[in-house]
Amino acid sequence: MAFAAYCRDLYKRYDARKKAVDAVNGITLEVHEGECFGLLGPNGAGKTTTVEIFEGLLTQTSGHVEVLGRQWSGRDADEIRQRIGISLQDTKLNDKLTVLETLTLFRSFYRTGREPESTIDMVSLDEKANAFVGKLSGGQKQRLAVACALVGDPELLFLDEPTTGLDPQSRRELWDIIREQRDRARTTLITTHYMDEAQRLCDRVAVVDHGKVIALGSPDELIRQIGGEHVIEFDLIHSDGQGSVVGADLFQGLPSVNAARAEGGGYSLTVSEPHRALPALITLLQSRQLELGRLATRHVSLEDVFVTLTGRHLRDEEISSN
Amino acid sequence: MKKYHPIKELLLGRMRTFYREPEAIFWTYGFPLILTILLGIAFRNRPQEVIDVDIADGPAAAGIKSHLDDAGGFVAHVRPTAECTERLRLGKSAIVVERGDKLEYAFDPTRPDSALARARLDDVLQRALGRADAVATADREITEPGARYIDFLVPGLLGMNLMGGGLWGIGFVVTDMRVRNLLRRLVATPMRKPHFLLALIGGRLVFTIPELLFILGAGVFLFDVRVSGGWLAIVVIAFVGSVSFAGLGLLIASRAKRIETISGLMNLVMLPMWLFSGIFFSSEKFPDAFQPFIQALPLTQLNDALRSIILEGGTLADQAMRLLILMAWGGLSFLLALKWFRWT
C-alpha cells in the first residue's frame, strides 16, 4: 500500500551541553494518500521535529523515512521538494515584497504549479494582492504562508502549527483552505496543539507526547477508546469552603460512569449515558448531604483523550519537557 | 522560456527589497556621496600657507619684523622671550627667532611646518641682510588636477564604498534572511542554491553601477577630478572588486545567526582595510615591515588599481596582478562560504 509519508522507528537526539535530548523517541507513522493527518500534542512533544524530518530540513538520528515513496537523498530529494508544499512554524517572509511578488517568486522554483493569482484567490487574499507583506495582519500572513506552500500544487502538504496565535475568524478561514485540499484528494500533514482543530480537520490523529505516539486513530475512535462520549463536570460546596473532601472514587460505581477524576477543586466523570448517570449522581450527593456548586455536561473531546492518557492538559505550560 | 524564471524572480526580489528601503539607499549611495563632497571641500587646495613667526623682544626685533613683513608669507609678532618659548611649545607658532651675536632659531625639526619655517626664514633674513644669490633662480608653480588631495581621495572612497557595499549588501542581507527563517523556507523549496547565489551577486553588480556613477561623478563634476584611464577598465575593476567583497561578505555571513554577530564580524574585517588600504592616505606611508600584509589586503589592491586607472591612465593589463589577488580573495571566499554555509 502506498503511503504519502511514512516513517518507522524514528529517533532524533539533540546533544545540548552534555545533556542529550530525545526530541523524537521512536515514532512510527503511516500517512495515507488523500487524508488529512494530524500530529497532536503539547509544545515540545516532538511534533515539529518529526515534520521537519519529513520535510527534509532535519536529518533523523536513526529510523527510516519515506516521502511520496522516496527517501531524502540525492536526486530523489529534488523530486520530493518539487511535489511537497511546506509551511514552517515561523517564517517571516520579505516585508518589502507584495503578496503577488512573493507568490510569483515561490512559483518560479517549481516545474509545475498554480498561477500565483489563482493561489491568491484560493486563500482569499485577492484584495491584498498588491499589498506589502509587512502590512498584512497575522492571519493574512499565515494565509500567505499557506499560499506559498500551495503554489507548487503539491501532492503532499505539511502545515506546522498553521493557526497558532490566530483569532477564531482567521483560524476558520484556514480550516476552509485545508478542507479544500482534502476535497481535492491531496494529502495534508498538520501539527497542532488545538484539540478542536484536530477534531474538525483530521481524518486521523496521532497524539504525541515526549517524542512518542501515545494514541493513534480517527478522532471518534480515540474518543470511544476512553469509554463514554460524555463528560459530567461538577463542583461541591463545603461548609468550610475548602477543596474536595470526598475522593473521586466515590463516583466510580455510579451507573454508566467509566472514569472519575478529581480536577481543579471539582470532579470530572466520563459517562456513556448521562440520562442514567445524572439522577444517580444527584441521589448520591443528597444522601451524603453534599451540595452542588456547579454542574455541566459536554461531549468528550480529544483534550479528554490526552488528559486520560497522560494525566495532564495539553496546554499546561508547566509541562516538564526534559 | 519559462514564464517564471527563478534567477529573474530572485534578482527582482533583491532589487525591489533594496529600492523600497530608503535607509539602504541612503547608506549605500547618499552617505558616500556626502562624505566625498565634505572631504572634497575640507581638503580642497588652500592658498599658500603663511608662517607664524615669533620674534623674541630685543634691540633688533623691530628690524627683523620689518624685513619679514616686506618679504611676505609671514605673520610676525614681537613678544617677550618666555612667551615665545611657550607659544612654540604649544604649536601656536612655527618658529622663534632671536637676534643676539648671531641669528638664533628655536624650532622643532620633527614638525614639517617648523622645519620649513627655519629654511624660509633664514633665506629671507640672510638676503635682507645682504647675502647675494650665487645663481639667479626662477620659480614655476604647478597646481594641476591629478596631483591634489581630492584626486587621491576619490578613488579611495570609491574602493571603500565597493567594500562596504559588498560586505553589507551580501552579509547583512543573508544573515537577515537566516534570522527570519527565510533561508530555511527557501531551501525547503526546489530552489537551486546556485540560482540564489547568482541572484545575490547579480544584485550586487547592478547596485555597483550607481555607486560608481555617484562617487566618480561627484569627483568629476564638483571637484574637477580628471579620469585619465578608460571607463570600461574602471567598470571592470569595480565589478571584480564588488564580486570579491560579495564573496567575503558571504563567507562572513555563512554561519552568523544574529544581526549583532554579523555587525561585529563586518567591522572586524573592515577595520584593518580602513586603516591600511590607502583610503585617506597612501598605504606606502606604513613601514616596510607592514607592506606584505598591507599588499595582501583586497582593498589595497582595489584602491591601487582604481588610482592607477583614474589618475595615471593605466590600462587593465597593468592591473593584472592586482586583479589576480582580488579574484583569489573572491574565489577562496566563495569556496569556503559554500563549504560552511548554513541555511538554517
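**The interface and some local spots**

Q: Let's start with the contact. How much area is buried between chain B and chain A?
A: About 2,600 Å² is buried between chain B and chain A, and carbon and sulfur atoms give 58% of that. Buried area here is the accessible area (1.4 Å probe) that two parts lose on being put together, summed over both. On the chain B side, B:Y4, B:R180 and B:R185 lose the most area to chain A, together 28% of what that side buries.

Q: Before I go on, what are the ground rules for the model?
A: This is a predicted model, with local features needing pLDDT of at least 70 and side-chain atom pairs counting only at pLDDT 80 or more, while totals for chains, interfaces and linings use all residues. Residues are numbered from 1 along each chain as its sequence is written, chains are lettered from A and ligands numbered from 1 in the order in which they are written, and side-chain values use heavy atoms, with hydrogens and water left out.

Q: Thanks! How many residues does each chain bring to the contact?
A: Chain A brings 30 residues and chain B brings 24, where contact means heavy atoms within 4.5 Å.

Q: And how many salt bridges are there between chain B and chain A?
A: Five, taking a salt bridge as a side-chain nitrogen of Lys or Arg within 4 Å of a carboxyl oxygen of Asp or Glu. B:R192 and A:D78 meet in a salt bridge through their side chains, at 3.6 Å from N to O.

Q: Which elements of chain B give two or more residues to that side?
A: Those are α1 (6-19) and α7 (182-187) of chain B; helices are DSSP runs (H or I, at least four residues) and strands likewise (E, at least two), numbered from the N terminus. The largest share, six residues, comes from α1(B).

Q: What does α3(A) pack against?
A: The buried residues of α3(A) pack against α4 (116-122) and α5 (138-150) of chain A, together with α1 and α7 of chain B. Helix α3 of chain A covers residues 99-108, and nine of its 10 residues are buried. Buried means under 20% relative accessible area, exposed over 50%, partly exposed in between (1.4 Å probe, protein chains only).

Q: Switching to α3 of chain B: which residues are buried there?
A: In this helix (residues 61-71), B:A61, B:I64 and B:L68 are buried. They sit on the same side of α3(B), because they cover an arc of only 65° around the axis, the arc being that of the directions from the helix axis to the C-beta atoms. B:A62 and B:D70 are exposed on the other side of α3(B).

Q: Nice. What comes after α3(B)?
A: B:G72 follows α3(B), and its phi is positive, near 80°.

Q: New topic: is A:E233 buried or exposed?
A: A:E233 is buried, with a relative accessible area of 15%. Its place is in strand β10 (residues 230-237) of chain A.

Q: What joins its side chain to A:R298?
A: A polar contact of 3.1 Å joins the side chains of A:E233 and A:R298. That term means a pair of N or O atoms within 3.5 Å; within protein, one must be able to donate a hydrogen and the other to accept it, and residues adjacent in sequence count only if both atoms are side-chain atoms.
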